[in-house]
Amino acid sequence: MSVSRLLLHRAPGSPPVRAVMMLSDMLNLPMEYNDVKFLQLEQKSPQFKKLNPMGTVPVLQDGDFTISESHAIMKYLLSKYGGDKRELLYPSDVRTRALVDQCMFFNAGVFFSAFMSIGRATFTGGIFTPSPQHIQDMESSYSVLDAYLQNRPYVATDRLTLADLAVGSTAFTAQVLVKTDADKFPRCTDWMSRLHEEEVFKNVMVPGVAYFSKVINKLWEHNKSKLEKK
Ligand SMILES: N[C@@H](CCC(=O)N[C@@H](CS)C(=O)NCC(=O)O)C(=O)O
């Protein structure tokens, strides 16, 4: 299959961006990158919104085709360029696929939302530490993951799938905000340490989380000193 020009609009701290980047690496795609000036809100500019009306990253351009929303992007890339990884990462068995989808919808609708509400409160609400409500929301997502992992080593099935890339990306980055307590959530902790051994997590996730940690901690320090001066 010939590959048209693949361009991913990204921001280095973003978990959904990194989920797509990990898949792209696993498929050895010749992905090119455009680093959006995220902190300057380039993603909200009229020009960027022509690509994605939601004003969010990631956005993929594959030749003349444009698609946003990381889970849709991953499914698209895998369908088009997945080769022999297609069946492994998004199994066609109806029930297994439904379990992968369940985890991806949980990630998009619940887990990433809990993550983003701390991010938003940091960027625009002036907080310098997550609130008790933030912690409760994150822990409620960790407990869902612990339940998903009750009878299987990966979130959706007994092998690594798209669901682990998507949910794992949120979980790894979320450690900067609310660490997973290994006593309360042992399966979730164990799953993350297994993901940590995967090449793509080492190559893409670790530097991305380090960048995110630097930005968040700088903002928390800034917000704290601003509040103390009041
Ligand atoms: N569900 C979307 C979430 C995308 C999203 O919210 N991305 C964040 C970065 S992590 C963003 O671009 N936010 C921009 C903003 O809210 O201004 C996906 O998975 O692609």
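Mentor: A nonpolar core is a set of buried Ala, Val, Leu, Ile, Met, Phe, Trp, Tyr and Cys residues joined through side-chain atoms within 4.5 Å. Buried means under 20% relative accessible area, exposed over 50%, and partly exposed in between, with a 1.4 Å probe and protein chains only. This is a predicted model: local features need pLDDT of at least 70, side-chain atom pairs count only at pLDDT 80 or more, and totals for chains, interfaces and linings use all residues. Residues are numbered from 1 along each chain as its sequence is written, and side-chain values use heavy atoms, leaving out hydrogens and water.

Trainee: Which residues touch the most other members of the largest nonpolar core?

Mentor: L23, L60, L77, L145, L162, L165 and W191, out of 70 residues. Helix α5 (residues 94–123) gives the most to this core, nine residues. Helices here are DSSP runs (H or I, at least four residues; strands are E, at least two), numbered from the N terminus.

Trainee: What does L60 touch, residues up to four places away in sequence not counted?

Mentor: L6, L7, L8, M31, F65, T66, I67, I73, Y76 and L77. Contact means heavy atoms within 4.5 Å.

Trainee: How is the protein chain divided?

Mentor: Into domain 1 (6–87) and domain 2 (90–229). The bounds come from an automatic or database domain assignment. The contact takes 19 residues from domain 1 and 27 residues from domain 2.

Trainee: What makes the area between domain 1 and domain 2 "buried"?

Mentor: Buried area is the accessible area (1.4 Å probe) that two parts lose on being put together, summed over both. For these two domains that loss is about 2000 Å², 74% of it on carbon and sulfur atoms.

Trainee: Why is the pairing of D101 with K75 called a salt bridge?

Mentor: The rule asks for a side-chain nitrogen of Lys or Arg within 4 Å of a carboxyl oxygen of Asp or Glu. The closest N and O atoms of D101 and K75 are 3.7 Å apart, so the pair qualifies. Across the interface of domain 1 and domain 2, the rule finds one salt bridge.

Trainee: Which helix gives the most to the side of domain 1 that touches domain 2?

Mentor: α1, with nine residues.

Trainee: Is D101 buried or exposed, and how do you know?

Mentor: The relative accessible area of D101 is 17%. The cut-off is under 20%, so D101 is buried. D101 is found in helix α5. Besides K75, D101 touches Y90, not counting residues up to four places away in sequence.
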